[in-house]
Amino acid sequence: NIDPISKKVDKHINSIIDQSNNNNINNNNNNEGNNHNKNNNSINNTPQYKSSKTKEEEELHYFLTGKILTQASEVKVTKDSIPQGVMQNHEHGIRDRRTAKDIVASVLAAAEFGDRQYNEEESDGEESSSYRNILQTDIEGGRTPQMPILTAYCEAVNQTTWSIKPLPRRYNTQFASQSQSSGFESQSNIFSIQYPHLTSCQALPSQFPIDTPPVDLDPFLPWIHDVFPSSDGKYVHFIAQNRRRCFNGQRRVNRGERLPEGVVAHKNYVHLEYGKNYFMRPQAALFQHVPVKKVEVADEHDNDSSNLEETASTVGDEPRYRLASHEDADPDGMDTRFICRFKSFDPNAATLTIVGYSLSEFELDYDFHTYRKGYLRTATHEGYDNHMIWMSQLLFKCPIPEDWRDKVKLGDTVINDYSTFYVDVVPIRTPPRYTPPREFFQPKYHSPKMTLENLFLPDVEWGKHHILPKIDHSGRWENIPICMPSLMTHGLIPKGSDIRSHSLPDHTGNHVAFPPDETPSVIHEVIACTWASTTFKTRSNRAQVGDGKRRLKEWLEFNLLSGFNHIYVYDNSGAFTNRDSLADVIDLFPPEQVTRIDWPCKICSNRDGNEGERSSQYAAESSCRMKFGAHARWLGSFDTDEYLVPMGKFRSMSEVAADLDRRGVRVAVFPSSPAKPRFDLIE
C-alpha cells in the first residue's frame, strides 16, 4: 500500500539504519511481529545509524530515529537557552535554522521561563522577558501550588519501524529516574515537561505553550491552541493546528545538487527544512481516524492471543484497547484518534481522582473532505500538501462523563479562575496513511462509488492483537484544565446561570439540523470575529505596519453602527511586543458589544508565496466560530481592512441576516467591490 516514492524513501532510510544491534523486533507474520525485547524502542537503544556522508543526512536520521529526545535530560536550561536569531530572512522566505539540539533547548526553556520571548529592544528588562508571565500577575486568583500542573509527556518516535508489518507494539516501562531540576522527569523513552505558567482560565489561550511547543519533541502530541467545554457541558473542544505545515517552505534544487539520502524533491523543489518536515509526519496521522476495541489484558507482555479477551471494562478501571478493523471496532471506537481521561481535584484534601474515560470524536471527517474535494490523498509522505487548507486545523472533542456535565455547564468546577476538573489527551499512535481515503472509509460511507475494498488491511498493517500501552506509559498531554463555558469565562452570562434563559426567541426557524436536545442557545443575531494587532509584519517580514489601533477603532465603530450585535477581537499584539495591546481601544466600547481574547501566538511561517502557514489566524477563526458562533444566528470573519456594507433595501446587517434566514441560506459569500458611501452611516 506504499507508493513507489515512499518505498524509495523507506529504502534509503533502512539502508542507513543499522538495526542489528539494538532493534530486536522479529518481523515474522506467524507471531504478529510482537516478540518483545525490554530495551526495544528505548531512547538509549534506538537504532544507530552508520556514518552518514553529510551533516544533513546525519541530522535527518537523527530526527527520523527519534534520537532528538536523547539530549532532553542532559540539557541545562537557562534564560539564554532559546537560540536568538534562528528565525532569519532567507532568499526563499523565513527559515527556522534551529538544529535538533537547539529545538530541545528551546522547548525546555519555554516551559520554565514562559513561551513568549522578545528581543532586548522590544523588552522592558528581565521582568518583562516573558509576556505570559506578566499575564498571570494581572488576573486575580488562578492555579494554586497544590493544583495539578499542565504536563506534556513526550514519547520517542522512531519512524524507521513503520515499515514493519504488522506494526510493533510499544512497551514503555515505569519511570526509571527523576532529575533534580523542577518539572523534568525521564523514563526509558518518555520525557515529561511541566508548564507551571498556565495559571488562568481567562488567559488560557495566551498561556498555553504554542510558539515553542512540546510537539517539537513528540510530533504525535496535538498542537493545541485553545480548549473549552460546550455550553451544555457534554464535550470539551480542542482547537489544534498541523505543526508539519510550519516546515513546508521550498526552494529550487540547484543544477547538479546532490540531495541527502531519503530526501525527495517535487517538481524540482525541495523543503527548506526537510528534516523537521519529515519528523512532523505523525501530525498528519492525527487527522485520520483509527478504529479500536476494548480488551482485557491479563499479562502486559503476553503475546498469546488466546489470553486476550474482548470485553467492556469495569467502571473505574482504565480501559485497554487494541487496534481493530471497522468490523471489529466498538461503536464508540469506530472513528477516533485520542483516549481521553478525566480527573477531579479536591482542593480541601489536595487529592486528584480519576473520574472517567472516553474516546475522542472528530468535528469533521478529513478523509471524506479530501475525497469530496477530488484529491487523491489526505497527506503525502514527502509533505508537499500545503495547498490542502482543510488539513491545517485539527478540530476534535472529548465526551465528558455524564456525572460531570451539569457541573461543567454551570461553571461549578472553576474556583478563582482555575479549574478543578482536567482531561488527559492520549494520542493513538499509528503511522499516517498515504493511500486514497476510499481505501479505509468507515462503514457509514460504504457504496460502490465511495469504497475501494481490501486495499488497506488493518489486520496486516497493525495485526489482530496490537494492544495500546497503558495511559501512564504513553506520550500524552496531562492535566489540561476544563474551564467554564466560553460565555461565562468572558463574562457575557453569569456563572451558574442556564444559558437557555438568555436565549433569543427563534422567529426564523433554525435551518441547521441539530438533535432536539443539542440545539445551541442563541443570544445574538449577528456577530463578527477579527484577528488583529497593534502592529504586524507583512508577508516575508518585508514591512512593519504600526497603525493597528487606528484601524481597529474605525472598524469597530462602523460594524457596530451597521448592525453587528457583538464583535470578538482576537488580539495578536503579543506576537510582536510586550509593551502594548489593543485593550485600550476595546475598552472604549461597552463590554456587552466587544470582547477581547488575548491571542499572542505567532504565525509559524510568514512566507509569501512559498508555502507559508498562518497558524495563529486559522486557529483564531476556528476558536471564535466554535466558541461563540453556536450562540449567534450569523457569524462573519473579517480583517480590519474589510468592511461589509448593507446595500439596496437593507439598512443594517441584522436586516441582511433576517433576509438570508427567510431564504434558507446557510453560508453567504460577499464579493469585494467598490461601493458608494452610505452617508446615513457616516457622522
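## Around histidine 271

Leaving aside neighbours within four places in sequence, histidine 271 is in contact (heavy atoms within 4.5 Å) with Phe247, Asn248, Gly249, Gln250, Asn277, Tyr278, Glu382, Gly383 and Tyr384. A polar atom of the histidine 271 side chain lies 2.8 Å from the backbone oxygen of glutamate 382. Histidine 271 counts as buried because its relative accessibility is 1%, where buried means under 20% relative accessible area, exposed over 50% and partly exposed in between, with a 1.4 Å probe and protein chains only.

## Basis of the model

This is a predicted model, in which local features need pLDDT of at least 70 and side-chain atom pairs count only at pLDDT 80 or more, while totals for chains, interfaces and linings use all residues. Residues are numbered from 1 along each chain as its sequence is written, and side-chain values use heavy atoms, with hydrogens and water left out.

## Disulfides

The count comes to 4 disulfides, a disulfide being a pair of cysteine sulfur atoms within 2.5 Å. One of them joins cysteine 201 to cysteine 483, with an S to S distance of 2.1 Å. Its torsion about the S-S bond is about -80°, so this disulfide is left-handed.

Cysteine 246 and cysteine 604 also form a disulfide, with sulfur atoms 2.1 Å apart. Cysteine 246 is buried at 4% relative accessibility, and cysteine 604 is buried at 16%. The sulfur of cysteine 601 has its closest cysteine sulfur in cysteine 604, but the 9.9 Å between them is too far for a bond.

Terms used: A polar contact is a pair of N or O atoms within 3.5 Å; within protein, one must be able to donate a hydrogen and the other to accept it, and residues adjacent in sequence count only if both atoms are side-chain atoms.
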